[in-house]
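Please look through the sequence and the model shown here before reading the report. It is written for a reader who is new to protein structures.

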Amino acid sequence: MADYSLDNEPPDIKCPDDIRLPADSRDYLTQVPNLRPPRVRDVSKVISIVRTPAQLVQKFPLGGHRIAYRVRDDWGNEAQCHFNITVSNAHRDHTRLHAIT
């Protein structure tokens, strides 16, 4: 049986691996399939999980996007993790890219 009288260890959090995807050639966006939340374990109860950005977009534009999570247990111990989503232009339509910038 676990002893919950004193928990001074932060929760164990594991974010998904970084994701690299090509952009859709029509709109230079991509949807990330099966975006999973982090795995979180703690000896006491985890009471909050905060994601930054708070709202994930449906489609990610070209470039790098950092997704961060912070968890806190009921003793106030915190842990963080992050992963990156990188959307690249696989087709290299320089005319369209030039118009965007």
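**The chain as a whole**

The model is predicted, and every value in this report should be read with that in mind. The protein chain contains 1 helix and 8 strands, and when these elements are read along the sequence they follow the pattern β-β-β-β-β-β-β-β-α. Of the 101 residues in the protein chain, 25% are buried, and the chain exposes about 7,200 Å², of which carbon and sulfur atoms supply 50%.

An open sheet is formed by 4 strands in the order 2-8-7-5, and their pairing is mixed. Strand 2 and strand 5, the latter covering 46-52, stand at the edges of this sheet with a single partner strand each, so one side of each is left without a neighbour in the sheet. On average, and with direction ignored, neighbouring strands of the sheet are turned by 15 degrees against each other. Strand 7, which covers residues 63-73, pairs with strand 8 in the antiparallel sense over 10 bridges. One of the residues in this pairing is Y69, whose bridge partner in strand 8 is C81.

**The disulfide**

The count of disulfides comes to 1. The disulfide is formed by C15 and C81, whose sulfur atoms are 1.9 Å apart. The torsion about the S-S bond of C15 and C81 is about 70 degrees, and the disulfide is therefore right-handed. C15 lies in the loop between strand 1 (12-14) and strand 2 (19-22), whereas C81 lies in strand 8 (residues 78-88), so the pair ties together parts that are 66 residues apart in sequence.

Are the two cysteines buried or exposed? C15 counts as buried because its relative accessibility is 8%, and C81 also counts as buried, at 13% relative accessibility; the cut-off for this class is under 20% relative accessible area.

Leaving aside neighbours within four places in sequence, C81 is in contact with I13, K14, C15, P38, I67, A68 and Y69. For A68, which is 13 residues from C81 along the chain, the C-alpha atoms of the two residues are separated by 5.8 Å.

**A buried threonine**

T30 is found in strand 3, which covers residues 29-30. With a relative accessible area of 11%, T30 is buried. A polar atom of the side chain of T30 lies 3.3 Å from the backbone oxygen of P22. When residues up to four places away in sequence are not counted, T30 touches L21, P22, A23, Q58, K59, F60 and V87.

| Residue | Relative accessibility | Class |
|---|---|---|
| C15 | 8% | buried |
| C81 | 13% | buried |
| T30 | 11% | buried |

How values were computed
Residues are numbered from 1 along each chain as its sequence is written. This is a predicted model: local features need pLDDT of at least 70, side-chain atom pairs count only at pLDDT 80 or more; totals for chains, interfaces and linings use all residues. Side-chain values use heavy atoms; hydrogens and water are left out. Helices (H or I, at least four residues) and strands (E, at least two) are DSSP runs, numbered from the N terminus. Buried means under 20% relative accessible area, exposed over 50%, partly exposed in between (1.4 Å probe, protein chains only). A polar contact is a pair of N or O atoms within 3.5 Å; within protein, one must be able to donate a hydrogen and the other to accept it, and residues adjacent in sequence count only if both atoms are side-chain atoms. Contact means heavy atoms within 4.5 Å. A disulfide is a pair of cysteine sulfur atoms within 2.5 Å. Accessible areas come from the Shrake-Rupley method with a 1.4 Å probe; for residues, only the protein chains shown count as cover. Two strands pair if DSSP finds at least two bridges between them. Axes are lines fitted to C-alpha atoms, for helices over the stretch in contact, and angles run from 0 to 180 degrees between N-to-C directions.
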